[in-house]
Amino acid sequence: MAAKSTTTIRQVLSFQPHQAAWFAATQALFNQVVAFYFEVIQAHEKLLDLNNQDALTALEMLTHTTQKNPTPVMPLEEIREDLPAVFRRAAINAALGSARSFFSHLQKWRKRKEKAVAKGKTFTERPPVPPRTWNKSVPFYGGQWKERTPSSILLKVWTGTCWSWLKVRLTGRDLPTDAELGSPSLIRRGKQWWFHTPIEKHFARPATIERQITTNRETTICAVDLNLDDHLAVCTIQTVEGTILATKFIGGGQEINGFRKQQLGRIARNRRKTGIIAEGEQDNVDLWHKIKHIDESLAHLVSARIVQFAHHHGATILVFEHLGNLKPERGKYSRRGNSKRAFWMKGRIFKYAKYKAWDQRIITSRVNPRNTSRECARCHSLVARYQEGQPAEGYTEGAPLVLCHQCGMQGHADRNASLVIGQRLVARSQKPLQEKPSTPLPRVERVEKSTGVLLSQEVKRKEEPSSLRARHGGRNEHGTAQGRRRRMGTPPPFIPRQLRLPLE
Ligand SMILES: [Zn+2]
C-alpha cells in the first residue's frame, strides 16, 4: 500500500527593494477578497453544508459576473474587476476554510449555551467573533507562477495598479526531485518574503509495528523519555531482542524552564500592577509572544534531534509514553504556568517528532506511562531513585539516578525509563502471539517455583530484555535475587510485597 508524507520547503526570495511593495499589495488584495467572500458566506451560511467544490461553484455564481450570470447577488467587481480566476479561487478556498472553522466554533458555543439555559444556569461565555482583520498568506495556484528553476521563478503579482509577471531569485533548500509539489505560498516574515512549497513524497507503506516486531528480531526501536526538567528527552536505541545500541541525552530543559519562568514572572508582576489578566492584554503580548516562540522552536529542535538520532541508528519505530493528564503544580503563578507550558511542549515534541519521523518512514507509537520511571529495565523490579551523594533508596521524584536492588542495575533514571518504554512496546506487540494472554503476576509465582533451581545462578550484569526472556520461558535470573530475599524474609523496605508492574 502506498503512503505519503508532506513537508514544506522554505526558500527566501530576493528581489528589488521597490518590489517588496508589490508583494505587500498582492497580499493586501488577496485578503480583501478573502474578507469579501467570508462575508458572502456569512450571509449564506447554508453554503457550508456543501463540499468545497460545490461551495466554490455556488460562491462564484453569487459573485462572479459572466454572460450567463450577468447580475450576481453580491458582485465581486465592487472590489476589483480584473482578478485572475485562480487568484479568486484561492481566496474563496481560504475564506471557506476560515468560515468552516468559525462556524464550527460558533455551533459548539450555541450548544453549550443551549445546555446551560436548559439547566437553568447563567451562561456568560462570549460567542466567538469572526476575524476582524485578515492577514493570510497568498497561495500561488498554477497559472500564477511559471518557469520555476532551482534558483528562480516567475510570479504573477499585483503591483497596486496592474498584474505583472515578476522574476525573483530563490535561495534555500532545493526542491527534491522525487516529490510532488503543492501550491507554493508567499509568506511575509518581517521585511523578508519567503516562498513555501509543500511537497508530497509517496512511498511504500512500512509494515505495521506489530508485524515488524514479531517477524524480525533485528527491528530497531528508538524509545524516548520526555521530561520537564533538565534533559528534555532521553532516547535509547534497542532491538526487539533487547540489545541496546545507543543512548542520547537532549538537554536544555533547565535553561528553557528558567527562561519561561522568568517571563511568566514578569507577566504576573504586570498583572498585579494593572489588575488586568487577559492573555491578549497589550503589555503582555510581547512577553507571551516570546514564550510561545521559544517553546515552539524548541519543540521543533528537540523533535528534529530525536528523529535524526533514530534515523541515524536505523530505527524504524519511534516510541513515547502517553502524556497522561496534567497535574497542575501548586504554588506561584509563574510555577503553575510553567508546568502547564512544559506539559504542552511535551505534546508538541511528540506531534512534531511523529510527522518528522514519518518523513523518514519511521512509525511512531505510544505506550502506557504507568511506572515507567519506577521499573527496572533489566529485571522489572521497582528501582530506588535518588540524588547523587544520597543513599540509594526510596523514590525521589525527578532524581537523576536509579539503582535496582534486585539485579544490581545502576544508571541514569531517564535512560532506564526510556528503555522500559521501548520494552513495553515490544511486549505489547508480542502479546497476541503468545498462547496464553500474559499477565504480570506469574513472574512472581514463577520465581517462587524456580527459586531452588536458580539460586546458584549469578545475577547477570549485561543489559538484556528481561521481559522477553521471562515470557518465553527462558532463563529467569532476575527473579533469583528476589526469591532469595523473600526466602530470607527480608524484603527491601521500598518494594511493596505485591510486586506487579504491568508490562502493558
Ligand atoms: Zn533490576
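Donors are N, O and S atoms within 2.8 Å of the metal (3.2 Å for Na, K and Ca), and since water is not among the atoms, sites may look incomplete. In this structure the donors of the zinc ion are spaced along the chain as C-x2-C-x24-C-x2-C. The model is predicted, so that local features need pLDDT of at least 70 and side-chain atom pairs count only at pLDDT 80 or more, whereas totals for chains, interfaces and linings use all residues. Residues are numbered from 1 along each chain as its sequence is written, and side-chain values use heavy atoms, with hydrogens and water left out.

**Overall make-up**

- The protein has 11 helices and 16 strands, where helices (H or I, at least four residues) and strands (E, at least two) are DSSP runs numbered from the N terminus.
- Of the 504 residues in the protein, 44% are buried; buried means under 20% relative accessible area, exposed over 50%, and partly exposed in between (1.4 Å probe, protein chains only).
- Among the contacts in the protein with a separation of 6 or more, 66% come from residues 24 or more positions apart, contact meaning heavy atoms within 4.5 Å.
- The protein exposes about 27100 Å², of which carbon and sulfur atoms supply 51%; accessible areas come from the Shrake-Rupley method with a 1.4 Å probe, and for residues only the protein chains shown count as cover.

**Zinc site**

- Cys376, Cys379, Cys404 and Cys407 each coordinate the zinc ion through SG, at 2.2 to 2.3 Å.
- The arrangement is tetrahedral because the four donor atoms subtend angles of 100 to 116 degrees around the zinc ion.
- Four donors count as tetrahedral if all angles lie between 85 and 135 degrees, while four count as square planar and six as octahedral if opposite donors are over 155 degrees apart and all others between 65 and 115, and anything else is irregular.
- Both Cys376 and Cys379 are buried.
- His380 lies in the loop between strand 13 and strand 14, has a positive phi near 70 degrees although this residue is not glycine, and counts as buried at 1% relative accessibility.
- Asn371 also lies in the loop between strand 13 and strand 14; this residue, not a glycine either, has a positive phi of about 60 degrees and counts as partly exposed at 23% relative accessibility.

- Three strands form an open sheet in the order 14-15-16 with antiparallel pairing, two strands being paired if DSSP finds at least two bridges between them.
- Strand 14 (384-386) and strand 16 (410-412) are the edge strands, each pairing on one side only, and neighbouring strands of this sheet are turned by 25 degrees against each other on average, direction ignored.
- Strand 15 (residues 401-403) pairs with strand 16 in the antiparallel sense over three bridges, and Val402 stands opposite Gly411 in strand 16.

- Five strands make an open sheet in the order 11-10-9-12-13, with mixed pairing.
- Strand 11 (244-250) and strand 13 (363-367) stand at the edges with a single partner strand each, so one side of each is left without a neighbour in the sheet.
- From one strand to the next, the twist averages 20 degrees.
- Strand 9 and strand 10 pair in the antiparallel sense over seven bridges, with Thr220 opposite Thr239 in strand 10.
- Strand 10 and strand 11 run antiparallel and are joined by six bridges; Cys235 has Lys248 as its bridge partner in strand 11.
- The hairpin of strand 10 and strand 11 has four residues between the strands, and Gly242 takes a positive phi near 110 degrees there.
- Strand 12 (residues 317-321) pairs with strand 13 in the parallel sense over five bridges, and Leu318 stands opposite Thr364 in strand 13.
- Seven of the seven residues of strand 10 are buried, so this strand is largely enclosed by the rest of the structure.
- Ala233, Cys235, Ile237 and Thr239 point one way from strand 10, whereas Val234, Thr236 and Gln238 point the other way.

**Helix 8 across both sheets**

- Helix 8 (residues 413-430) lies across strand 14, strand 15 and strand 16, running at about 95 degrees to strand 16.
- Helix 8 also lies across strand 9 (220-226), strand 10 (233-239), strand 11, strand 12 and strand 13, and runs at about 45 degrees to strand 10.
- Axes here are lines fitted to C-alpha atoms, for helices over the stretch in contact, and angles run from 0 to 180 degrees between N-to-C directions.
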